[in-house]
Amino acid sequence: MSFVRDKLSAKFFLFLMLAFLLIHVPIVGNYAKVINTLIHESGHGLIALLGGNVERISLFMNSEGATYSNQSTWAGSFFTSLAGYTFASFMAFLSYLLIGKKKQIILIDILLGFMFLNLIFWVRNPYGIFWLCSFAIAFLILLIKGSQNLRDYLLLLIASILLVDSVQSAYEILYISLFQPYEAGDAANLARLTVILPAPVWGFFFFLQALWFSYYGLKRGYYKL
């Protein structure tokens, strides 16, 4: 228990609980969760560019998303399918790392970079465009007009949403892969690509990597804010 007390803070628990409650509020929760969907789909998109091209990305009102890409090789399809959940978990970890090291400006640049990259090049569906424009405008107004404390709290809330939803969404894909393996999104895609490894194996992988990133952030002390 002393290890946990030394690595965590009351502020971390407060914002984690706030994020958990927020993403479960009807309508507002789905809107907030799209920030994690944006990161997830951007992970697919960035890796897809290494061996193919991205046709478009869609962000939906129910907080789901989709990346449509063309790949010329098996490896390109494999790593593109692998990238979404792992990139989302990594970004949650990176967000706390940057906050812990007082590098909030870098985190702001990364978040705005993803928003404008998707708005300019990838997202074309109406709700996706609405979400990117509304979130980016609100984000910029709060950054410009708000105090430094408000900025830091906003970034901490976003980091907490990314952490909570990256773990929750990874658990959900694990659950779906166990009971509806052909409907399990990235896990189903990877099962088709690998043939011998069924969707539940990839569901477990996605959930375990989310837990590992969360634990590694704890071990490194990035949650002692």
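1. A residue counts as exposed when its relative accessible area is over 50%, and as buried when that value is under 20%. The structure discussed here is a predicted model.

2. Leu208 sits in helix α9. Its relative accessibility is 52%, so Leu208 counts as exposed.

3. Leu208 also belongs to a nonpolar surface patch of about 730 Å², together with Tyr171, Tyr175, Leu178, Phe179, Phe204 and Leu211. Two or more residues of this patch come from each of α7 and α9, the latter spanning 199-219. The biggest contribution is that of α7, which gives four residues.

4. Gly128 belongs to helix α6, which covers residues 126-145. With a relative accessible area of 0%, Gly128 is buried, because the cut-off for that class is under 20%. Asn118 is ten residues away from Gly128 along the chain, and the C-alpha atoms of the two are separated by 9.2 Å.

5. The volume of the largest pocket is about 770 Å³. Its lining consists of 30 residues, and those nearest the pocket centre are His40, Glu41, Gly65, Tyr85 and Asp186.

6. Several elements each supply at least two residues to the lining of the largest pocket: the helices α3 (28-51), α4 (74-100), α7 (148-179) and α8 (185-194), and the strand β2 (65-71). By residue class, the lining of this pocket divides into 16 polar, seven charged and seven nonpolar residues.

7. Helix α7 therefore deserves a look from both sides of this note, as α7 supplies residues to the pocket lining and gives four to the nonpolar patch.

Key
Residues are numbered from 1 along each chain as its sequence is written. This is a predicted model: local features need pLDDT of at least 70, side-chain atom pairs count only at pLDDT 80 or more; totals for chains, interfaces and linings use all residues. Side-chain values use heavy atoms; hydrogens and water are left out. On a 1 Å grid over the protein atoms alone, a cavity is a set of points where a 1.4 Å probe fits but cannot get out, and a pocket is an open set with protein on both sides within 12 Å along at least five of seven lines; lining residues have an atom within 4 Å of a point. Grid points are joined across faces, edges and corners, and a volume is the space filled by probe spheres set on the points. Ala, Val, Leu, Ile, Met, Phe, Trp, Tyr, Cys and Pro count as nonpolar, Asp, Glu, Lys and Arg as charged, and the others, Gly among them, as polar. Patches are made of residues with over 30% relative accessible area and no salt bridge: like charges are joined within 9 Å, nonpolar side chains (Val, Leu, Ile, Met, Phe, Trp, Tyr) within 5 Å. Accessible areas come from the Shrake-Rupley method with a 1.4 Å probe; for residues, only the protein chains shown count as cover. A salt bridge is a side-chain nitrogen of Lys or Arg within 4 Å of a carboxyl oxygen of Asp or Glu. Buried means under 20% relative accessible area, exposed over 50%, partly exposed in between (1.4 Å probe, protein chains only).
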